[in-house]
Amino acid sequence: MTDRILAATDGSHAGNRAVDFAARLSDRLGHGLSIVHVYLHGRPPAEMMQLAETEQLYTHVAAVQNLTPRGQPANFLGLFASAAEEHEKANAILAVGETILDWAEQRARDAGAQDVVTHLCAGDYADAILKTADTENAAMIVIGRRGLGLVREILLGSVSQKVLHHAACTVVVTQ
C-alpha cells in the first residue's frame, strides 16, 4: 500500500464533505489524493432531479452539452426525456460526472490537497470505488455516509456500507 488517499463523491453534500475531509488529510499528511466518481448510470429520474435541485448542476451541463436546439429542458428529467439518441444521454451523463469531478478537484486543491488525480468510472458504485482503491493502492478510502439515493439505510447508505465491509484498507465514513 501507498500513502494515497481516495475520496469518493457523487456530488452530494455528503460527497463534498468526504472530499473536504480527504483534502485536509492530504494537506496535513502530505499524501496524494485521488478522487473517484462513478457516473450516474441507471439512476431513477427522481434522484437525478434531487441532484439537480440540490447541487445546481443542470444549468452548467445544459450549457456544456448545447442542449438548446430542441428548447432547453427545465430540469434533469426534461434533459433525459429530450435526449432522443442514446449517445446524447450518455454524453449528458458523462458531462455531469466530469463536472462533479472538476468541482471536487477544485475543492480539494483549494483545501491544499497534494498530487490530486481524478477517476470517472462506470459500474456498480461500491465495486468501482473498491476497484479504484486497489488500482491506486490507496491506504484509505473516505466516503460520505449517505449520497443521493432516496432509499435510506438506518445507519449507513448501501454504497458506504458495502465499501466499509469489503475494503482492504482503512475506510473513513464522513457524516
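Predicted model: local features only at pLDDT ≥ 70, side-chain atom pairs only at ≥ 80, totals over all residues.
The expected span of a helix is 1.5 Å times one less than its number of residues. Helix α1 covers residues 13-29, 17 residues in total, and so should span 24 Å.

Helix α1 contributes a series of buried residues. Ala14, Gly15, Asn16, Ala18 and Val19 are buried, as are Ala22, Ala23, Leu25 and Ser26. Just after α1 comes Gly30, which adopts a positive phi of about 75 degrees.

Five strands form an open sheet in the order β3-β2-β1-β4-β5. The pairing is parallel. From one strand to the next, the twist averages 20 degrees.

The β2-β3 pair can be described in detail. Strand β2 comprises residues 32-38 and runs parallel to β3, joined to it by seven bridges. Within this pair, Leu33 stands opposite Val116 of β3.

Two further helices are placed against these strands. Helix α6 (residues 125-135) packs on the sheet. Its contacts are with β1 (5-8), β2, β3 and β4 (140-144). The direction of α6 makes about 155 degrees with that of β2. Helix α7 (residues 158-166) lies across β4 and β5. Relative to β4, helix α7 runs at about 160 degrees.

Notes. Residues numbered from 1 in each chain as written. Heavy atoms only, no water. Helix = DSSP H or I, 4+ residues; strand = E, 2+ residues; numbered from the N terminus. Buried < 20%, exposed > 50% of the residue type's maximum accessible area, 1.4 Å probe, protein only. Pairing = 2+ DSSP bridges. Axes fitted to C-alpha atoms, helices over the stretch in contact; angles between N-to-C directions. Contact = heavy atoms within 4.5 Å.
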